[in-house]
Amino acid sequence: MRLITVLLLCLAPIAAAAQSFAPARWADGVKLTELTDRNPDPRIVEIDLTAKLADVQIDGKTVHAWTYEGGIPGPLIKTQVGDRLIVHFKNELEEPTTVHWHGVRVPIEMDGVPELSQPDVKKGESFTYDFVVRDAGLYWYHPHVMSAAQVGYGLYGALLVEDPADGVNVEDQVTLVLSDIGFDAKGRLEPADSGGSAGMVFGREGDYVLVNGRRRPVLHARPGAPQRWRIVNAAKSRFFYLDLDGQPFTVIGADGGIQERSITTDILLITPGERVDVIVNPKGKAGAPLTLRAMLYNRGYGSVEYRSVEDVLTIEFTKETPIVAKPVTIARSLPVPSIEGATKVDVVLTLPPMKDNKSEFQVNGVPFWKAKPYAARLGEKQLWIVKNDSDWDHPFHLHGFFFQVIDEKGEPVRPLALKDTVNIPMKTTMRLLVSFDERPGQWMFHCHILDHADGGLMGTVQVGPGTPQGHTHKMP
Ligand code: C2O
Ligand code: CU
């Protein structure tokens, strides 16, 4: 289909022959809709995407949700690395919206932030997103207008940028969009401002945990056979702390694709906005399903006390003889970054005591609506020293660029991985090394607990020449 695939097939027939072990229709329980590519050019994916209100079925109830193309999540958009993606977006919602391509190194005009990138797309209007996907990996898309509300109401979807030469020899692959949604007995969405200021500080979580829009879906597996899960946490506040009954996850990639080498873990934390690429070899017997659970994770006061362990999905086994899989090996030679010559930038995150019965998060002493942009030159390397001085974890996201995490000694954390979102645990400092490239613009950074973002925890960095724009996010 693609030239590169054809070449690979000629040159390395063995590498292309990963074996499938999964039973037929093994992933039907988590099937995502895909859109038809209406462009005949093999290097261009061109699709139509409409945001609209729609009734969706969740856990046997009809929920009147905000959707892309009538479903939660929105359709899976699939491209190959280097492709051009053209999305004809139409807004049929009552409210203005935009589409932000989380993690993708787009030009600023395509970043979906009102005023910094484009005007917001009002009811009945359209906007065409058109950019090249430069990096393989799992990304996602969501609005950047009233983000906490719009994402919470159902507007998010996955963008999978595949690299046929990524060297991962596991055939059975699935994309899992984790999220949650809140609604009442009549299927009415939980208001985005429920709980007032306290709700903002806690970060609102919906009661219904979803995988690809379903509650506790089933995957089928031959015991021990490898499955590749590409996971994104699209929830507006919920952390997913995943446990597969103690069975290991082999992590092979992060936000920006494959990492330096794999690591194995028994419990997998995925905070809002983050992606992980993992291999699992679920072990078990026919008739004894295995459950993937979201365990309790303390991301701040009350976030454990008022919540419960959730079943996320179930794996049912076939009667076939178990596979004893070889460990998966991956290797990506990412350049080892050095903090030499990097400009230091201090970012302090705080939550001052309530004033006039209202809370606001601050970055360097001001909430977003009073903040001035940071500055960076084109090509400049900066070390962001992000100090979380609050009692809440904050998954910190930078638009448009990857960064690498640096330890206290100034060394990069191994295995090397490209990140655009990383959790800064409460009362902790993390160091993020970012090289701004040739794309100018005023780029956002914010906590991806979207209630925190709307509650003040956002900022921008003006990269390269240009007059910084005024802020568009008003005080809620
Ligand atoms: Cu998912 Cu401003 O980002
Ligand atoms: Cu936060």
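Which residue lies over the face of F401? In this predicted model, that spot is taken by R439, at 4.5 Å from the ring centre.

Aromatic rings also turn up next to one another. A search of the whole structure finds 19 aromatic pairs. A pair like this is described by how far apart the ring centres are and by the angle of the planes. Take W384 and F396: their ring centres are 6.3 Å apart and their planes sit at 65°, so this pair counts as edge-to-face. W384 belongs to strand β23 (residues 381-388) and F396 to strand β24 (residues 394-398), so the pair ties together parts that are twelve residues apart in sequence. Both W384 and F396 are buried. Elsewhere, one aromatic cluster is made up of Y68, F89, W101, F127, Y129, F131 and Y141.

Next comes the metal. The copper ion (ligand 2) has H394 (ND1), C447 (SG) and H452 (ND1) as its protein donors, at 2.0 to 2.1 Å. Along the chain, the donors of this copper ion are spaced as H-x52-C-x4-H. Of these, C447 and H452 are both buried.

Zooming out, the protein splits into domain 1 (15-162), domain 2 (173-317) and domain 3 (343-474). The centres of domain 1 and domain 3, taken over C-alpha atoms, are 25 Å apart. Where these two meet, 23 residues of domain 1 are in contact with 24 residues of domain 3. Together they bury about 1800 Å², with 61% of it on carbon and sulfur atoms. On the domain 1 side, R105, I108 and L116 supply 28% of the area buried against domain 3, more than any other three residues.

Conventions: Residues are numbered from 1 along each chain as its sequence is written. Chains are lettered from A and ligands numbered from 1 in the order in which they are written. This is a predicted model: local features need pLDDT of at least 70, side-chain atom pairs count only at pLDDT 80 or more; totals for chains, interfaces and linings use all residues. Side-chain values use heavy atoms; hydrogens and water are left out. Donors are N, O and S atoms within 2.8 Å of the metal (3.2 Å for Na, K and Ca); water is not among the atoms, so sites may look incomplete. Buried means under 20% relative accessible area, exposed over 50%, partly exposed in between (1.4 Å probe, protein chains only). Rings of Phe, Tyr and Trp (its six-membered ring) pair if their centres lie within 6.5 Å; planes under 30 degrees apart count as stacked, over 60 as edge-to-face and the rest as tilted. Helices (H or I, at least four residues) and strands (E, at least two) are DSSP runs, numbered from the N terminus. A charge sits over a ring if NZ of Lys or CZ of Arg is within 6 Å of the ring centre and within 35 degrees of the ring normal. Domain bounds come from an automatic or database domain assignment. Contact means heavy atoms within 4.5 Å. Buried area is the accessible area (1.4 Å probe) that two parts lose on being put together, summed over both.
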